Amino acid sequence: MGNADTKLHFRKAVIQLTTKTQPVEATDDVFWDQFWSEPIATQDVFALVPAAEIRAVREESPSNLATLCYKAVERLVQCADSGCPSEKEHQVVLNCTRLLTRILPYIFEDADWRGFFWSTIPGAKRTEALDEDDDVNEARPLAESLLLAISDLLFCPDFTVQSHKKEASEDMRPIDSCELIWEAGVGFAQSPPPNYIHDLNRTELLKLLLTCFSEAMYLSPSSDCKVFDPWVSFFCSAENRHALPLFTSLLNVVCAYDPIGYGFPYNHLLFSDYREQLVEQALQILIVTLEHENRSAASAALQALDASTHLPSEEEPEVFFSQPSGPDNLFVNYLSRIHREEDLNFVLKGLARLLNNPLIQTYLPRSTKKIQFHQELLILFWKFCDFNKKFLFFVLKSSDVLEMLVPILFYLNDARADQSRVGLVHIGVFILLLLSGERNFGVRLNKPYTLRVPMDIPVFTGTHADLLIVIFHKIITCGHQRLHPLFDCLLTIIVNISPYLKSLSMVAANKLLHLLEAFSTPWFLLTAPQNHNLVFFLLEVFNNIIQYQFDGNSNLVYAIIRKRNVFQQLANLPTDGPSIQKALQKRKKSGIDNINSTDESMEGSRPAAPAEPGTLKASLEATPGIDKITERSQVSEDGTMITVPLPPSAAKPADSNATHGVSDAELKRNHETKHKQPVASRSRMSSVSSEASWSASPDWMLSWKSKLPLQTIMRLLQVLVPQVEKICIDKGLTDESEILKFLQHGTLVGLLPVPHPILIRKYQANAGTAMWFRTYMWGVIYLRNVDPPVWYDTDIRLFEIQRI
């Protein structure tokens, strides 16, 4: 009954706010206290403060909305300053937090209101108890006051952290939050006892913090890499005295989380796991705060890599280098400077444990908890690899990288047919592209694959490289059409690892030949100006393996011999006008649609399913072509990389390739969208229309056919085909195992052309991928925060929410 009365009083206060014709004075505490004096649940706040009424107040009584925001922030600041000693103050903080979480998106969606929180409020000073600045009269913007109050409250004894007797002071200032880090891990050895109330309170505050950072969702996409978010910039700056303990708390909570716990079957159905909600919010805060200052972050990573790894002093937090230089974003700065092996191992093991969670197999169905925040984990892993080169080298120096590879491949395969998870496939492929630029990744892939995670792929016995090739083949042949722009990325990864693959299985070898057969059909080659690039990639794969790993790859050599007609047809492709027209008139189904595999899938696997009707998905920006997101490096004799400039002739395909990231479905959506198209989208659409009017010509065909790298393969066929045919006739062989045995002991030393230099295409950050990551990340966050629906039915401009 009391709860019903509380909701009634709260609802009356909301109605009074929306119907009052005169502004309510900020000094009228009796009126304003109605909003936070009684406990009200988050769901009730969202139900009792409808979107229409927030917008009505914003338009018709702007001063009342401004005063409500100011008073709520003021109460949070007061509670943070006092240290929240009472239960009543705890409740005030939670109510103000929920109310601001509800209101802020409607502030951001109106361009005229976005600057409101950055206006100064009389009486809010920049001074703190420890500050000694002379300019004590400078007022602090409301946004800064709010962010500092949230930071203080996240280390408030008995509210969000364990209380220590020596901290009985009522003022928050003397508390050293570095001693109150939420979880053991990076830079902190003690694990505080679990307290679900503290976890719930932290989650609420982090939800508000994430809402503060979400202004980016209400801005149209821009390829400008200097996108400035004042909320994130201030929160991660030196003005936030809790920046270091907050970063380590968020990171440690995520990486220390174990969803399985003690492993009792069905324990997740018997007990509520409040830590999971906290981990999810902490993870989302981390990826948002690490999204900014990409260029300075990269330079910081290189500085940290070159710095001497001296041991920190007693006074310093032992986690980071004591190097002052780096980006102004302290979260990026701290991440780029993590260097101790135990800390790097803690992060890697934590991420691997969580990413592998959905792959766990048990005899009892649904007996273990399955996490749902794998997309956020992949973004965080990407950030670590991109910003902290020591972490990247640590990941690749042992087979631990395979603990990340298998779940990534699992997610790629599982999502390949689901258009609502196209972004998940992209982030997985981008991570593998980044890793494939390092020699150690290719070397680690030679480890035998012995796990038996049920996947909808052919059964095979082989290495992790075989697993990667088989799944890439599945994505290309059975994936959703919106994954077509990723084909060159997938093949680039295989090219990068190919010089180091010691022994491909017969299954993987056949899959590569299947792809070549599909991509080299005349109809496919003549359909688009960049399709021939896929053939070049596959030929480069075969050349790398023949030249550098011939001895162990008899399966691939045998597959090449069996499919020798494909190479001969490529070498004899007609380039005259009548032949081109004849090939185009046939216009049968694309080759990639004709080679859908009928191999038997692994036991216990389920087919990759398309999205359920009604599923929500966020639109994505187009990804740049492979030439825009990679730089070519040549491996010298001593193993070092030398950057190779792109030849001038490569610029032409790149121009026509500018549309590689746009699918037919996305073009239709762009045409129907109500919002004004940003310049980047309009230019992509015009590029697509120019490609649609393109047609193959004899000169165009000759320009690339003459460069097909067929010499090594033709020489191999010239030498081995007669030998294989001879032993088959002489011994009457019909069993391929005997032919394989012959090929295993064969050699081509001195018979092949001089080995070509190994060419690696390393991932290179650019404005296009930065914009893609921004839209993908916020799209994930939007769709993952539906309870409560923080941003639902607000005027999002960064992306569109579509129902399948």
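Here are a few questions and answers about this predicted model.

Residues are numbered from 1 along each chain as its sequence is written. Local features need pLDDT of at least 70 and side-chain atom pairs pLDDT 80 or more, while totals for chains, interfaces and linings use all residues, and side-chain values use heavy atoms, leaving out hydrogens and water.

Q: How many helices and strands does the protein have?
A: Let's start with the overall picture. Helices (H or I, at least four residues) and strands (E, at least two) are DSSP runs, numbered from the N terminus. The protein comes to 37 helices and seven strands.

Q: How far apart are the end C-alpha atoms of helix α35?
A: Helix α35 covers residues 711-731, which is 21 residues. The expected span is 1.5 Å times one less than the number of residues, so α35 should span 30 Å. The model agrees, with the end C-alpha atoms apart by 30 Å.

Q: Where does α35 bend?
A: The bend at a residue is the angle between axes fitted to the seven residues ending there and the seven starting there. In α35 this angle is about 30 degrees, and a proline, Pro722, follows within four residues of the bend. The residue at the bend is Leu720.

Q: Is Gly115 buried or partly exposed?
A: Gly115 sits in the loop between α6 (87-108) and β1 (120-125). Buried means under 20% relative accessible area, exposed over 50%, and partly exposed in between (1.4 Å probe, protein chains only). Because its relative accessibility is 45%, Gly115 counts as partly exposed.
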